[in-house]
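Hi everyone, thanks for coming.

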Amino acid sequence: MNKCDRNVWLQGGNSVCCREDKPLPRPYRIVLLGAPGVGKGTQAEMLSERLQACQLSTGDIFRAAKAADPATLTPAMRDALGYMQRGELVPDDTVIALVKERMTCLQCPYGFLLDGFPRTVHQAEALDEMLQQVNLRLDCVLNYELPLDEVVTRLSGRRTCRECKTTYHVMTKPPRKANMCDKCGGELYQREDDRPESIRVRLQAYEQSTAPLVEYYSKHGLLRSISAAGTPLEVFERTMVVLNERRI
Ligand code: AMP
């Protein structure tokens, strides 16, 4: 399969994505919710392979910007990276502007899996407006649930590939060779915001800002809650059952 390269999402501007596979007649348009560490990113990668839809992670945009030449960053982006480093949420206006600049990704014929956006009710309302403007609707919002102590264990063991951003876990999803990505051979590292001092702040931000989204999407009849306990494959299979019910 010609996997989505996410150039437009990660770089914005005049970038182009190259893929040649045929889109599904009815693409999936999904929001993924869940506290940091529940395995949302791993599910997004697996779902992206199965459903063709690109994983649109706002966190990945910030990490791509961080790796870029600082002289090329806008002041808003420089500020945003400061928030990210501390584990705090980036202000709504900055994030919403970034997503608006990437409207083509929301209209992509392959659909999308939004991962990490929206993260506040204000962002969810902005997303509703953006989709309405182009006559599109979300299929559903998948809400991954996991007890807090397990969330902390998962986050502190997570490692990410510097090159292709694939995620691993030192205990539950180790790479074949230590510190090396199975897919591209890139170096694995621990994200700054996966360190214990940032983890606490991120979980607080989730409770305060993102948890209310569960109620928001539940009211809109879009919420599907899924237990994130067990192996990535078990969670993926549960997710596919939910998605197949939704499509009938
Ligand atoms: P993630 O990879 O989704 O955990 O995002 C990493 C960090 O990027 C978060 O801790 C925030 O600082 C920032 N971030 C990503 N997405 C958003 C968003 N939708 N709203 C505010 N901040 C965000």
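This is a predicted model: local features need pLDDT of at least 70, side-chain atom pairs count only at pLDDT 80 or more; totals for chains, interfaces and linings use all residues.

Residues are numbered from 1 along each chain as its sequence is written, and side-chain values use heavy atoms, with hydrogens and water left out.

Helices (H or I, at least four residues) and strands (E, at least two) are DSSP runs, numbered from the N terminus. Two strands pair if DSSP finds at least two bridges between them.

Strand 5 and strand 7 run antiparallel and are joined by two bridges. They belong to an open sheet of three strands with the order 6-5-7 and antiparallel pairing. Strand 6 (167-169) and strand 7 (188-189) each have a single partner strand, so one side of each has no neighbour in the sheet. On its way to strand 6, strand 5 (residues 158-161) makes three bridges in the antiparallel sense. You can find Thr 160 opposite Thr 167 in strand 6, and Arg 159 has Tyr 168 as its bridge partner there. Helix 8 (residues 148-156) packs on this sheet, touching strand 5 and strand 6. Contact here means heavy atoms within 4.5 Å. The direction of helix 8 makes about 40 degrees with that of strand 5; axes are lines fitted to C-alpha atoms, for helices over the stretch in contact, and angles run from 0 to 180 degrees between N-to-C directions.

The hairpin of strand 5 and strand 6 has five residues between the strands, and Lys 165 in it takes a positive phi near 70 degrees. Most residues other than glycine have a negative phi, and most peptide bonds are trans. Gln 52, not a glycine either, has a positive phi of about 75 degrees, and sits in the loop between helix 2 and strand 2. What about the peptide bond from Phe 117 to Pro 118, cis or trans? That bond is cis, with omega near 0 degrees. Pro 118 lies in the loop between strand 3 and helix 7 (121-133).

Five strands form an open sheet with parallel pairing, in the order 2-3-1-4-8. At its edges are strand 2 (54-57) and strand 8 (223-227), each pairing on one side only. Strand 4 (residues 140-145) runs parallel to strand 8, with five bridges between them, and Leu 142 stands opposite Arg 224 in strand 8. Helix 2 (residues 40-51) packs on this sheet, where strand 1 (28-33), strand 2, strand 3 (111-115) and strand 4 are touched. The direction of helix 2 makes about 175 degrees with that of strand 3.

Finally, the ligand. There are 16 residues around the ligand, and Thr 58, Arg 63, Glu 88, Gly 116 and Gln 123 come nearest; a residue is near if one of its heavy atoms lies within 4 Å. Helix 3 (residues 58-67) gives the largest share of this shell, four residues. A polar side-chain atom of Arg 63 is 2.8 Å from an oxygen atom of the ligand. For Glu 88, a polar backbone atom lies 2.5 Å from a ligand oxygen atom. In the side chain of Gln 123, an N or O atom is 2.9 Å from a nitrogen atom of the ligand.

Definitions and conventions. A polar contact is a pair of N or O atoms within 3.5 Å; within protein, one must be able to donate a hydrogen and the other to accept it, and residues adjacent in sequence count only if both atoms are side-chain atoms.
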